[in-house]
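This report describes one protein model in plain terms for a reader new to structural work. Please keep the sequence and the three-dimensional view at hand while reading.

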Amino acid sequence: MSGLGRLVGAVIVLAVVAGGGWWLTSGGLAASPTATVDPDGEPTGRQTATVERKTLTVTDDFGATLGFAGDYDVIGGLSGVLTRTVPVGTVVKAGDWLYETNGHDRTSLMYGPRPAWRALQAGVSNGADVLQLEQNLKRLGYTRKGFKVDRHWDARTTVAVKRWQRDAGLPVDGTVDLGEVVFLPEAVRVTEIGAALGSMAGQGAPVMSGTSSRRVISFDIGTDDRELFAAGAAVQVELPDATVVAGTVESIGRIAQTSTDQQGNTTTTVPVVITLDDPSAAADLDQAAVKVTAVRSSREDVLTVPVNALLALREGGYAVEVVDDSGSSPTPSGAPAASVPTASSPAASTATGTSPTHLVRVEPGLFDDGTVEITATDLQPGDVVVVPS
């Protein structure tokens with residue numbers, strides 16, 4: 001984005017010579033003279049700044065929420081009295097148990113996108129549930145060398161199931177009853193127990209709910225800001241304690257949502273999900289308000305000056321007032337004839353006290369936080385420019 005497009009609210013000044021001194025105008029209103037005086041009324045000089053070469057970056061901030069990805073319900077599949085559950089806050093991984101009925105029947109978690117819908121045992125027809133079970137048995141180390149993971153149940157599958165049942169404290173019968181395993185896509189962080197101990201954990205009722213254990217930052221952005229959040233883009237995240245950590249854009253929604261406020265204003269947004277490069281940096285925060293900073297534009301190794309150093313020229317464009325000897329530019333000692341400066345204005349070249357100045361035409365570029373990128377053939381780092389105050 002060009003510097004001129006970002007100079008909203010910045011003071012772009014027009015230098016005029018009048019009444020024996022340099023004055024600033026903005027929006028047609030006269031501002032204070034640049035010269036300052038001490039208690040005796042003597043001039044103390046103008047403010048100056050040094051031309052610098054640096055990287056200039058424009059960023060935008062977005063309010064967001066740090067939490068955990070996903071929402072999952074663990075549906076009861078084992079009938080009987082609920083006698084035990086894992087505590088709220090527990091992260092249950094593949095092979096770990098979730099809840100118990102009748103004092104001995106346990107339901108364990110295994111990973112997979114499709115829910116269990118039947119008992120699994122020798123002679124069962126081929127299916128995706130068999131494939132999911134075998135993938136988990138192999139991941140957990142219950143299969144032997146040469147085991148083929150597929151959709152078919154064979155004798156080796158039965159052996160692997162019995163090894164798992166023995167470790168899990170289940171009846172070692174080689175059969176996975178419906179409800180004995182819950183398939184979910186990933187590990188579950190339990191956030192709520194939906195059934196009371198002693199109640200009947202009937203099939204189809206939620207026993208507990210949870211999220212994934214993956215920390216994510218989520219928020220909505222306007223469709224005009226989509227270019228800032230391409231998948232894989234780097235961002236910075238400010239945590240509630242003001243610590244700034246690195247993050248990466250995981251995804252950005254493709255389906256926009258439109259809402260209308262009470263004044264009839266319509267807003268169209270898409271959701272963004274960001275992950276922390278170091279999840280441990282978030283400690284135990286959940287549903288915490290954070291700030292996400294994304295880079296809108298960046299320029300490396302460019303000349304910069306304070307934006308208030310820009311002077312609007314009569315013939316159009318902008319210039320800066322350069323101090324000839326790289327010293328500070330003192331208050332003018334004389335009162336040259338009134339004129340609007342041009343890039344070659346004699347008034348602009350008039351000696352001001354002991355430090356004469358001249359105007360150098362510049363092309364403004366990227367603007368950020370009171371600093372503007374400039375392009376000019378007659379400027380270099382270290383040059384001193386006048387900054388009207």
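The structure holds two cavities of 30 Å³ or more. Rolling a probe the size of a water molecule over the atoms shows where empty space is left.

**Cavity and pocket**

The second largest cavity contains about 30 Å³ of space. Its lining consists of Ala-116, Arg-118, Leu-120, Val-176, Asp-177, Leu-178, Gly-179 and Val-181. Sorted by class, five of these residues are nonpolar, one is polar and two are charged.

The largest pocket has a volume of about 260 Å³. Which residues lie nearest the centre of the largest pocket? They are Ile-75, Pro-115, Ala-116, Val-181 and Val-182, out of 19 residues in the lining. The lining of the largest pocket divides into 11 nonpolar, six polar and two charged residues. Strand 6 (72–75) and strand 11 (181–184) each supply at least two of its residues, and strand 11 gives the largest share, four residues.

**Strands and their partners**

In total, the secondary structure of the protein chain comprises three helices and 24 strands.

| Strands joined | Bridges | Direction |
|---|---|---|
| Strand 7 (residues 82–85) and strand 9 | Three bridges | Antiparallel |
| Strand 9 and strand 10 (residues 105–111) | Four bridges | Antiparallel |

Tyr-99 of strand 9 stands opposite Thr-85, and Tyr-99 also stands opposite Thr-107 in strand 10. Strand 9 and strand 10 form a hairpin with three residues between them, and in the turn Asn-102 has a positive phi of about 55 degrees. Is strand 9 largely enclosed or left open? Four of the five residues of strand 9 (residues 97–101) are buried, so strand 9 is largely enclosed by the rest of the structure.

**The chain as a whole and its confidence**

Of the 389 residues of the protein chain, 42% count as buried. Among contacts between residues at least 6 apart in sequence, 66% join residues at least 24 apart.

The protein chain averages a pLDDT of 81, and 80% of the residues score at least 70. Confidence is highest in helix 1 (residues 128–139), at 97, and lowest in strand 3 (residues 29–30), at a mean of 22. Over residues 1–44 the pLDDT is below 50, although this stretch has 94 contacts in the model beyond near neighbours in sequence. A further stretch, residues 342–353, stays under 50 and has 32 contacts beyond four places in sequence. Where pLDDT is low, the predicted coordinates should not be read in detail.

Technical notes
Residues numbered from 1 in each chain as written. Predicted model: local features only at pLDDT ≥ 70, side-chain atom pairs only at ≥ 80, totals over all residues. Heavy atoms only, no water. 1 Å grid on protein atoms, 1.4 Å probe; cavity = no way out; pocket = protein on both sides within 12 Å on 5 of 7 lines; lining within 4 Å. Points joined across faces, edges and corners; volume = space filled by probe spheres on them. Nonpolar A, V, L, I, M, F, W, Y, C, P; charged D, E, K, R; others polar. pLDDT = per-residue confidence, 0-100. Contact = heavy atoms within 4.5 Å. Buried < 20%, exposed > 50% of the residue type's maximum accessible area, 1.4 Å probe, protein only. Pairing = 2+ DSSP bridges.
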